[in-house]
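Work through the exercises below with the structure open. Try each task before you read its solution.

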Amino acid sequence: MIAESGSANSPPRDPAIVIAHRGASGYLPEHTLAAYATAILQGADFIEPDLVMTRDGHLIARHDNVLDWTTDVAQRPGFAARRTTRQIDGTTITGWFSEDFTLAEIQTLRAVERIPEVRPGNCRFDGQFTFPTLTDVLRLVQAMERATGRKIGIYPETKHPTHFQQLGLALEEPLLEALHRDGFGSGEPVFIQSFEVANLRKLRSLTRIPLIQLLAPQGQPYDVAAAGGSLSYDQMATPKGLAQIATYADGVGPEKNHFLLPLDQAGRLDPSHATDFVKNAHRVGLKVHPYTFRAENCFLPTNHRQGADPKAPGNLESELAIFLALGIDGFFTDHPDLGARARDVLARQSLDWPHADQ
Ligand code: G3P
Ligand code: CA
């Protein structure tokens, strides 16, 4: 098999990178040092911390600034009065917010599993782990590099950049300062990602670290909406939109089915339905790192499930084999062990290349 769709005479691309989505979040509560360390031991090339801000300006690894979705804050009587209602990226949300807590207060909280109905086994770790600062994550990477002898990459995402900028807690410069303080500059295996545009453009003016424009399956970047713009994610995914992205970013992180390979009406994955997205992105020099590959049946295409239990593992590796054959450059997965195995199977097959002149 040839790793890039298209010409049989083109050389194989580099093996796809395995990006541990929020750590090994299929096995442990997300965004904990335990989840990141497990991911590295499972073979992840990069670990992904999503980042939000505390009131006192510390970057912490959380997917949401809403703390009640993945922490035990609701069980803490001392913080009951902090519950409030706020607009986040145009949506009204009631809960506890990272920007209302100092780092010292947040470090008294403990992580809990986000989706206990799908991952009940992960709940045995509820209440056991604090959540790390970005610097904690960087130091873990350095320790794991020493322990394993492998180079490990870091793939931070700025969450809600417009929201935090409006609060006077802009993420971008503290992120770069933290990365540079610990030696994670350009030339190291680092990517910075965002669903918004303006902060990536700002980052482009500040750093040569590769930037990844995330593309959601609907709507538009919040900063574009807040400025009254009309640019949608679908428009950004056209050849013209991708060429525009290439002026400030080095790659794209598209939702895998909407942009690369739509499911049919029965929820099945059919490789013949692949779009030209990968080819179009590569044509303008953008890497393609789709999200998010998960092993449980409820997240898989119907023809890659095994059995009827939505919580049970299906065949993630067969799903990944199809996407890898499209020529993607990497992928986000909650199950880095399975992701690395699928990637390595393809790499072994490509050792037979080239077939064309035999
Ligand atoms: O960053 C890639 C992927 O993680 C985007 O989705 O919502 O899990 O951050 P999300
Ligand atoms: Ca993310």
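The exercises cover a metal site and charged side-chain pairs.

This is a predicted model, in which local features need pLDDT of at least 70 and side-chain atom pairs count only at pLDDT 80 or more, while totals for chains, interfaces and linings use all residues. Residues are numbered from 1 along each chain as its sequence is written, chains are lettered from A and ligands numbered from 1 in the order in which they are written, and side-chain values use heavy atoms, without hydrogens and water.

**Exercise 1.** Find which residues coordinate the calcium ion (ligand 2).

Solution.
- Search for donors: N, O and S atoms within 2.8 Å of the metal, or 3.2 Å for Na, K and Ca; water is not among the atoms, so sites may look incomplete.
- Glu-48 (OE), Asp-50 (OD) and Glu-157 (OE) coordinate the ion at 2.1 to 2.4 Å.
- Their spacing in sequence is E-x1-D-x106-E.
- Check burial (under 20% relative accessible area, 1.4 Å probe, protein chains only). Glu-48 is buried at 2%, Asp-50 at 0% and Glu-157 at 3%.

**Exercise 2.** Locate the salt-bridge partner of Asp-45.

Solution.
- Apply the cut-off: a side-chain nitrogen of Lys or Arg within 4 Å of a carboxyl oxygen of Asp or Glu.
- Arg-343 is the partner, with the closest N and O atoms 3.0 Å apart.
- Asp-45 sits in the loop between α1 (33–41) and β2 (46–48), and Arg-343 in helix α13 (residues 336–350), so the pair ties together parts 298 residues apart in sequence. Helices (H or I, at least four residues) and strands (E, at least two) are DSSP runs, numbered from the N terminus.
- Both Asp-45 and Arg-343 are buried.

Conventions:
Buried < 20%, exposed > 50% of the residue type's maximum accessible area, 1.4 Å probe, protein only.
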